[in-house]
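Here is a short briefing to read alongside the model. Keep the structure open and follow the topics in turn.

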Amino acid sequence: MSSGAMGGLLPAVPEDWHTALAVVAHPDDIEYGSASAIARWTAQGKAISYLLASRGEAGIDAIDPIDAAPLREQEERTGARAVGVETVEFLDHRDGVIENSIALRREITRAIRTHRPEVLITGNYEVKMPNGMTNQADHRAVGLATLDAARDAGNRWIFPELIEEEGLQPWGGVRFVMVAGASTPTHGVEVTGEALQRGIESLRAHAQYTSGLGRASFDPAPFLSWFATQGGGAMGVSSAVLFDLHWIIPPGPPPWVRT
C-alpha cells in the first residue's frame, strides 16, 4: 500500500459533504472494499446512491445471462441495503463489452445532474490492478467515463439536450472523484468496527455470483478484513479503505495566493 508523498501516513478523505453517487460497471464492484466506507458515511447521515452500467449478466458461467441479470440485480440491491443505500439504478449496457463512449458519458452526466452529488465514487480505470492482474475492460471504461462526466455535468454546452429535452440543469457541484482500488492511493477512510462488518455483509449478499466463480464456501470476512488491515497500515489505524482522489473543485485557494 502506498503512503503519503513524503513517506508519511495517508490523510483521511474529507467528510464535509452530504451526497455522493457511486458509479461502477457491475454488481459486486462496490462491495469489494468501497461498501465499508459507504457504510461509515450512511451512518453519518450522508445520502449515497448507486449507478451501475450493467446488470452483470455475463458474470456467472453456468447461468444464462437472461436469468443471471435479475439474480445479480437483486443481490446488488440487497448488498446496498446492508450499507444503508436504497437508490440503485442500472443503465443496461451489455456486460463485458461496455465502451467508454460519448453515450456512456451522457448517461452518467444525466445521473449526476439528476442526483446532484458532491462526491463521486468509482473504480480503478488503469490497465493493471495493484496485484499485477490485468484490469477488466468494463472497469476501465466506466472509471474513465465517470471522471469525464464529473466535469461534463457542470458544462451547459456539453450534452445541452439534457437541458432542452429533460430539463436537467448543469450541476457543477461535484467536488472530487474517489477512485477505489488505485495503484497509488492518496487518501483513506477508516472502517474499523461496524463499518467493516456491514461491508462484509454487503459482499455476502452476492452469494450467487461468488458461488458461480467456483467459490461455494467463499467467506468475505477474512478476505475484506485482510485488505482493510493493509489499508489501515497506510493510515495508522486498524482498518481502512484507500482511494485516489481527483479534485474537480480545488480544495481552498491556490498555493500562490495563500498567506
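With which residue does Glu-73 form a salt bridge, and how far apart are the closest N and O atoms? The partner of Glu-73 is Arg-55, and the closest N and O atoms are 2.4 Å apart. A salt bridge here is a side-chain nitrogen of Lys or Arg within 4 Å of a carboxyl oxygen of Asp or Glu.

Before going on, some ground rules. This is a predicted model, in which local features need pLDDT of at least 70 and side-chain atom pairs count only at pLDDT 80 or more, while totals for chains, interfaces and linings use all residues. Residues are numbered from 1 along each chain as its sequence is written, and side-chain values use heavy atoms, with hydrogens and water left out.

**Salt bridges**

- Side chains of opposite charge can pair when their charged atoms come close.
- By the rule above, the model has 11 salt bridges.
- The Glu-73 to Arg-55 pair links distant parts of the chain: Glu-73 sits in helix H2 (residues 65–82) and Arg-55 in the loop between S2 and H2, 18 residues apart. Helices (H or I, at least four residues) and strands (E, at least two) are DSSP runs, numbered from the N terminus.
- Arg-55 counts as buried because its relative accessibility is 19%; buried means under 20% relative accessible area, exposed over 50%, and partly exposed in between (1.4 Å probe, protein chains only).
- Glu-166 and Arg-110 also meet through their side chains in a salt bridge, at 2.9 Å from N to O. Glu-166 is in the loop between H5 and S5 and Arg-110 is in helix H3, so this pair ties together parts that are 56 residues apart in sequence.
- Both ends of that pair are partly exposed: Glu-166 has a relative accessible area of 38%, and Arg-110 has a relative accessibility of 28%.
- Glu-201 and Arg-204 form a salt bridge at 2.4 Å, N to O. They are three residues apart in helix H6 (residues 194–204), and so are separated by about one helical turn.
- Glu-201 is partly exposed at 39% relative accessibility, and Arg-204 is partly exposed with a relative accessible area of 35%.

- Seven strands make an open sheet with mixed pairing, in the order S3-S2-S1-S4-S5-S7-S6. Two strands pair if DSSP finds at least two bridges between them.
- Strand S3 (88–90) and strand S6 (187–190) are the edge strands, each pairing on one side only.
- From one strand to the next, the twist averages 30°.
- Five bridges pair strand S5 (residues 176–180) with strand S7 (residues 240–247) in the antiparallel sense. Phe-176 has Trp-247 in S7 as its bridge partner.

**Helices on the sheet**

- H3 packs on the sheet, touching S1, S2, S3 and S4, and its direction makes about 165° with that of S1. Contact means heavy atoms within 4.5 Å; axes are lines fitted to C-alpha atoms, for helices over the stretch in contact, and angles run from 0 to 180 degrees between N-to-C directions.
- H4 lies across S1, S4, S5 and S7, running at about 165° to S4.

**A closer look at H3**

- Why should H3 span 20 Å? Helix H3 (residues 102–115) has 14 residues, and at 1.5 Å a residue this gives 20 Å, in agreement with its end C-alpha atoms, which are 20 Å apart. The expected span is 1.5 Å times one less than the number of residues.
- Buried residues of H3 include Leu-104, Ile-108, Ala-111 and Ile-112. Their cover includes strands S1 (19–24), S2 (47–52) and S4 (119–123), along with helices H4 (137–152) and H5 (161–164).
- After H3 comes Arg-116, with a positive phi near 55°.

- In H6, the buried residues include Ala-195, Leu-196, Ile-200 and Leu-203. The buried residues of H6 pack against helix H1 (34–43), H2 and helix H8 (220–235).
- Asn-135 lies in the loop between S4 and H4 and is buried, with a relative accessible area of 3%.
- Leaving aside neighbours within four places in sequence, Asn-135 has contacts including Asn-124, Tyr-125 and Arg-140.
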